[in-house]
Amino acid sequence: MTGRVALPVVHRAMVASLATNIRQGGTSAQCWKYDLSQDRSLGGSVRIGQSQGSFLTHRSTNLLRPAAAAISVEQDDVNTYLPKGDMWSVHKFGGTCMGTPQRIQSVADIVLSDSSERKLVIVSAMSKVTDMMYNLVHKAQSRDDSYMIALEEVFEKHMAAAKDLLDGEDLASFLSQLHSDVSSLRAMLSAIYIAGHATESFSDFVVGHGELWSAQMLSYAIKKSGAPCSWMDTREVLVVKPSGPNQVDPDYLESEKRLQKWFSRQPAEIIVATGFIASTAENIPTTLKRDGSDFSAAIIGSLVRARQVTIWTDVDGVFSADPRKGLSFSEAVILSTLSYQEAWEMSYFGANVLHPRTIIPVMKDNIPIVIRNMFNISAPGTMICRQPANDNGDLDACVKSFATIDNLALVNVEGTGMAGVPGTSSAIFSVVKDVGANVIMISQASSEHSICFAVPEKEVAAVSAALHVRFREALAAGRLSKVEVINGCSILAVVGLRMASTPGVSAMLFDALAKANINVRAIAQGCSEYNITVVLKQEDCVRALRAAHSRFFLSKTTLAVGIIGPGLIGGTLLNQLKDQAAVLKENMNIDLRVIGITGSSTMLLSDTGIDLTQWKELLRKEAEPADLANFVRHMSDNHVFPNKVLVDCTADTSVASHYYDWLKKGIHVITPNKKANSGPLDRYLKLRTLQRASYTHYFYEATVGAGLPIISTLRGLLETGDKILRIEGIFSGTLSYIFNNFEGTRTFSNVVAEAKEAGYTEPDPRDDLSGTDVARKVIILARESGLTLELSDIPVKSLVPEALASCSSADEFMQKLPSFDEDWAKQRSEAEAAGEVLRYVGVVDAVNQKGQVELRRYKRDHPFAQLSGSDNIIAFTTSRYKEQPLIVRGPGAGAEVTAGGVFCDMLRLASSLGAPS
Ligand SMILES: NC(=O)C1=CN([C@@H]2O[C@H](COP(=O)(O)OP(=O)(O)OC[C@H]3O[C@@H](n4cnc5c(N)ncnc54)[C@H](O)[C@@H]3O)[C@@H](O)[C@H]2O)C=CC1
Ligand SMILES: N[C@@H](CC=O)C(=O)O
Ligand code: NA
């Protein structure tokens, strides 16, 4: 048979001559260029010329027809006209992507932004339309005449969408087609109504209109931008044959022939094709059944040997575990790559990947499938391909996903008589088969003394009864000791290529389960290397999933953080964490998740991380009554995160008294609260002994000099063998501020109020003025240096007037303080008269094993007289720093610097846990 085709087999000479003709004739200014180098298909592809020089001005393949019209070829040669290979990219947009006219326009924009030479776009019907169409059929065959109204709704929906999206001639021709299709449907539905029955092909014919309309609308929307685009009714192209209940197989040969024929008539660069629908070899309309449009995309991708098939959807890609089954969306991870087999394995477990059937057509040609989110174009999506590029053999990369199956029962058949007796397992499983139960996993130890297998719980009674009947004699004779049923089981399956052949993977899995205190009832690992399955108690399943998932998918330096005391320092810390979290994650692989915040009256808990942009609001609105024991339990019961830290930002002695227990539970502790380290010596020593014997960390840099590196400097000196002789300085930001500013005519009480306002004071400023806060710091440094002093060993000069020591509140104290201003003014003038200033200092005298805190007068040129603001100055005199002390100076109080010091401790912790430095 002879036919006319657009793009015959040509060679370079022909192209050159065609091009010359056009140039010379200057006719339609169209040309095409033959590019053998690009061709990987049937002996040569035709590439439509890019605009090149003066004579190549149009890329529309439709315009090639006149040039090609003179060439006739045999129809059998038709397969040489469809270019195949890398120039094609295939996109598939599901119903949600096509849900509204705006979305259809976005789809058009995405297609247009793909720079591939040729694009094949498969679309589903607009969202809900397929259901509406099935409903029409259902109503008609049930003789419910409201099908007419329902058909009208379908019509209205598409008319409204088209009016929004299109205009002019495009709109007119779409609407005229829509009108005519709806009239045909009306006739068809009326026939179904009369017959009270719809054949499968009638029903498929009706339902497929959703795709016909959405494809046409998208094609017009793309054409609006001037791009050459045709739409394809895939019933003319895709040929399938039934292969089982609700299942069809593509006829690749016939489909390819038809596609080539179609293409020879309409060789557009962009083709919008209907997903889901197809026809039989006898041209009867049918559908590709479940997940039909994905299947269409994969088949068509294979027919054109596409570079890639992109499935556009509304999620960022394939999740490492189903976020609806135990994990939250923030826990589940989007996988960047998956092998075909992994995707296959995952879909068995109900993961929202592709139906296994969808993978087969592309798998044979190694065409990658990429799942992407059309509502988040910046997300790269998940690529499913033969050998993922990042599969470099490290332990974490071996595991791709986790899945669970609930409502199972284990059957355990046990006995010494089973060993070495051929046919035992065959007998067991033929019994299971006879009762029609589905075996989900099997495990048999090599000693052959027991075989266990999992079946759905609802089938286990029948299985057990049948096994008892079948093995009655063996049980009676003792060859079998028991047929046992363990109800309430779940499966946790771990999927990953090469997992089973990489040492250490199962160790990591079982270690994670052990740490979460989960008992594993049975294990199965096939040789397929894709799956390790463990059976556990159903009630443990979610915990197991989270523990195992976090072990493989979280950064090793993920820290679950509990903040106690969201006051000035705690609150500032939370804000700093909020601002810096993303940077830490990106640059240092440190993932900080605040999973709890507790104040004295309310607490806020989260399993996976509180949204820090609104922690204050959440703490106000969604909090529960504070309960420190529950708060700590929430931390220790969390099995998602491998490392946990409690940050005590209170000034509370009772909170500090729990550090020992927390460290014992394996929870790290960080604090600016001085109470633990300056409290009773025996408790302090016990705490430090525990800390040093365990790998649980305790950091408290901000207890002295706020964010200044005081504790770390001292530790550095001590740990490198230096000997501390004396530590002396101004340790109180509040008192430093007060005496730096208590000058001229200013009153003492005013300056104290300013220090409080600036956030330098303790919650009760009397702790500062009494010298207790400085004494605590002296004790902390003394103990750090190896001295065994109690707070009561430090003589302190209190600045709190005796009469105010018993005030019931800090407010009352502040109100009464002005009555002592005159006394202070007097002390100041005396010092001034001597050319001196007042400074409140602390001393650790390591040589004489004592500490001291007092108000001293210094000459105006003394370094301690040179300070400003809330400056602390700390001088370390040591064996190495004997002539000149090592001095640290800077603001030693205030919200930002103190919270910064606490934050620094958190990073110190992360670094101890292995974060990059
Ligand atoms: N303000 C500063 O410049 C510095 C402060 N620090 C220390 O930081 C800690 C916090 O100080 P600020 O934030 O200024 O005090 P703050 O009074 O503003 O905040 C403390 C918070 O802890 C809460 N809280 C008290 N007892 C609690 C309990 N049992 N459970 C839960 N929450 C409780 C309070 O309600 C308040 O929200 C103190 O230990 C202080 O010594 C350390 C260095 C410098
Ligand atoms: N109130 C303290 C805060 C730091 O510890 C001070 O004033 O230094
Ligand atoms: Na410090």
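Predicted model: local features only at pLDDT ≥ 70, side-chain atom pairs only at ≥ 80, totals over all residues.
**Helix pairs**

Two packed helices are described by the angle between their axes and the distance between the axes. For helix α3, which spans residues 101-113, and helix α5, which spans residues 147-165, the axes come within 9 Å and cross at roughly 55°, and α3 and α5 are therefore oblique to each other. The crossing of these two helices, α3 and α5, is right-handed. On the α3 side the contact involves P101, I104 and Q105, which meet A161, D164 and L165 of α5. Sorted by class, the residues in this contact of α3 with α5 are four nonpolar, one polar and one charged.

The second pair consists of helix α4, residues 129-141, and helix α7, residues 200-207, whose axes come within 9 Å and cross at roughly 140°; this angle makes α4 oblique to α7. From α4 the contact draws on T130, M133, Y134, L136 and V137, and from α7 on S203, V206 and V207. The contact of α4 with α7 divides into six nonpolar and two polar residues, with no charged residue.

| Helix pair | Axis distance | Crossing angle |
|---|---|---|
| α3 and α5 | within 9 Å | roughly 55° |
| α4 and α7 | within 9 Å | roughly 140° |

**Ligand surroundings**

Ligand 1 is surrounded by 29 residues, of which the closest are G565, G567, L568, I569 and A651. Helix α19, residues 568-588, supplies the largest share of this shell around ligand 1, namely three residues. In terms of class, the shell around ligand 1 holds 14 nonpolar, 12 polar and three charged residues. Because domain 4 (557-704 + 905-912) and domain 5 (711-893) both give residues to the shell, ligand 1 lies between them.

Around ligand 2 the residues are A706, S732, G733, T734, Y760, T761, E762, D768, D773, G892 and A893. By class, the shell around ligand 2 comprises three nonpolar, five polar and three charged residues.

Notes:
Residues numbered from 1 in each chain as written. Chains lettered and ligands numbered in written order. Near = placed C-beta within 6 Å. Nonpolar A, V, L, I, M, F, W, Y, C, P; charged D, E, K, R; others polar. Axes fitted to C-alpha atoms, helices over the stretch in contact; angles between N-to-C directions. Helix = DSSP H or I, 4+ residues; strand = E, 2+ residues; numbered from the N terminus. Parallel < 35°, antiparallel > 145°, perpendicular 65-115°, else oblique. Left-handed = near helix turned anticlockwise from the far one by under 90°. Contact = placed C-beta atoms within 7 Å. Domains from an automatic or database assignment.
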